[in-house]
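I set down what I looked up, in the order in which I looked.

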Amino acid sequence: MESILFTNVRVLDCSGAAPYAGAVLVRGERIEAVWPVAAVPQVGDARTLDGRGGTLMPGMIEPHAHLTFTDCARSVEMGFIPVEEHLLIALRNARTMLEAGFTSCVSAASAKKRLDIVLRNAIAAGEFPGPRLLAASPEMTVTGGLGDVRLPHMYRENFAVILDGADEFRRFAREMCREGADTLKVNVSGDAGTPSAPAQRTVMSEAEIHAVSEVALDFGKRVAAHARSAEAVKRCLYYHVEILYHATLLDEEALDQLESVREHVFVAPTLGHLYATLFEAEPWGLTAEGGRRLGLEEELQRGIESAKALHRRGVRILPGGDYGFAWNPIGANARDIEHFVKLLGLSPMEAILSATKLGGQIMMRGHELGQIRPGYLADLILVDGDPLANVGLLRDRDAIKLVMKGGSVCVGEGMHA
Ligand SMILES: [Zn+2]
């Protein structure tokens, strides 16, 4: 592999330090050296890439990815797609994410059993372009829970696998471990739009969560939960669930419990999906009035308050907005970083660190992902402008001038130079 020297860049290294004019040398798949000076260092054998004053920062990391979701309006549409076509969509989505500047993704559920797993493997083998991926199981849900779209007279599926009782959960969780999933996903609370189980309901039993948690421990995997209600979050924490998605309807007790284990858990409030569903889904028949009737307005407001409280208490909150629906499409994921600034009041630096430095941690590779430091993997993006002055740049495809993953330029002007 060739060596590349980035010159004439502002380095936003995502350690938390202010950006500085400098140069970065990439050798093989890793960053070899970082010079915090504008003067060009002499590196004989490296190809020089002039960053033209742009910002060089780590590739973004999506903690709640659905690379197998199809940007559909109704989740039941996913159930109608045969697995072969579905894989092609997933491959396309993976490329889209990379082009949008995301070099790593933690999947928050695969729409079919093995889609995430084969996608992860194909990307890791260099066969197809895409971000580094931690693969998830499909969403494990209960009869009547989020994702159960069956009718009494007609079997239908979408993205979920419906299981009842600890034994069924245990068997399916083990099957997914056998197939190679990194994460076991459970739908513990309900969700707006599921009449039998709205967001404030907690429908997965303690025994069922316990069963999945035990399997994860035995096989060395992680559990991630769809947990909107305070009770769902508490049940998850009792059984050591590490990744809490949504956590929108928290009470004081849930906040206290999350704070007490803040070194061990990650929370991704997924505000993007709530926001877009409430305010931008009208072309698909979801009016703001309809959203209010579903409780989305109240949930967004409470979700904002919950996330703010978690941030104040030092709990790691990460972006990730359930991108993969018609009004919230894959590739727009960096919008959640902007939501962190505009809706939660984080500083642009804090919001960017949540998608880089903390992203490395949720990838379980904080020692080599999510920052620009010697020895770290060379997952980098070059942004035309200053994302600290305008975080919206991170979701502007034209502003992402170059994407490098593992030392290879995969998107951008350096590609054929
Ligand atoms: Zn999701």
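**Loop position Thr202.** I located Thr202 in the loop between β11 (183-187) and α5. I take helices (H or I, at least four residues) and strands (E, at least two) as DSSP runs, numbered from the N terminus. The model is predicted, so I note that local features need pLDDT of at least 70, side-chain atom pairs count only at pLDDT 80 or more, and totals for chains, interfaces and linings use all residues. Residues are numbered from 1 along each chain as its sequence is written, and side-chain values use heavy atoms, with hydrogens and water left out.

I then looked up the partners of the Thr202 side chain. It makes a polar contact with the side chain of Ser229 at 2.7 Å; a polar contact is a pair of N or O atoms within 3.5 Å, and within protein one must be able to donate a hydrogen and the other to accept it, while residues adjacent in sequence count only if both atoms are side-chain atoms. The Thr202 side chain also reaches the backbone nitrogen of Ala232 at 3.5 Å. Leaving aside neighbours within four places in sequence, I list Val188, Ser189, Ser229, Glu231, Ala232 and Arg235 as in contact with Thr202, where contact means heavy atoms within 4.5 Å.

**Loop position Gly147.** I found Gly147 in the loop between β9 (136-141) and β10 (160-162). Is Gly147 buried or exposed? Gly147 is buried, at a relative accessible area of 8% (buried is under 20%, exposed over 50%, partly exposed in between; 1.4 Å probe, protein chains only). From Gly147 to Phe159 I count twelve residues in sequence and 6.5 Å in space, C-alpha to C-alpha. Beyond four places in sequence, the contacts of Gly147 are Thr141, Asn158, Phe159, Ala160 and Ile162.

**Helices α4 and α5.** The axes of α4 (residues 166-179) and α5 (residues 206-219) come within 8 Å and cross at roughly 25°. Axes are lines fitted to C-alpha atoms, for helices over the stretch in contact, and angles run from 0 to 180 degrees between N-to-C directions. α4 and α5 are therefore roughly parallel (under 35 degrees; over 145 is roughly antiparallel, 65 to 115 roughly perpendicular, the rest oblique). By class, I record nine nonpolar, no polar and four charged residues in the contact of α4 with α5.

**Helices α2 and α3.** For α2 (residues 83-99) and α3 (residues 115-124), the axes come within 10 Å and cross at roughly 50°.

Methods: Ala, Val, Leu, Ile, Met, Phe, Trp, Tyr, Cys and Pro count as nonpolar, Asp, Glu, Lys and Arg as charged, and the others, Gly among them, as polar.
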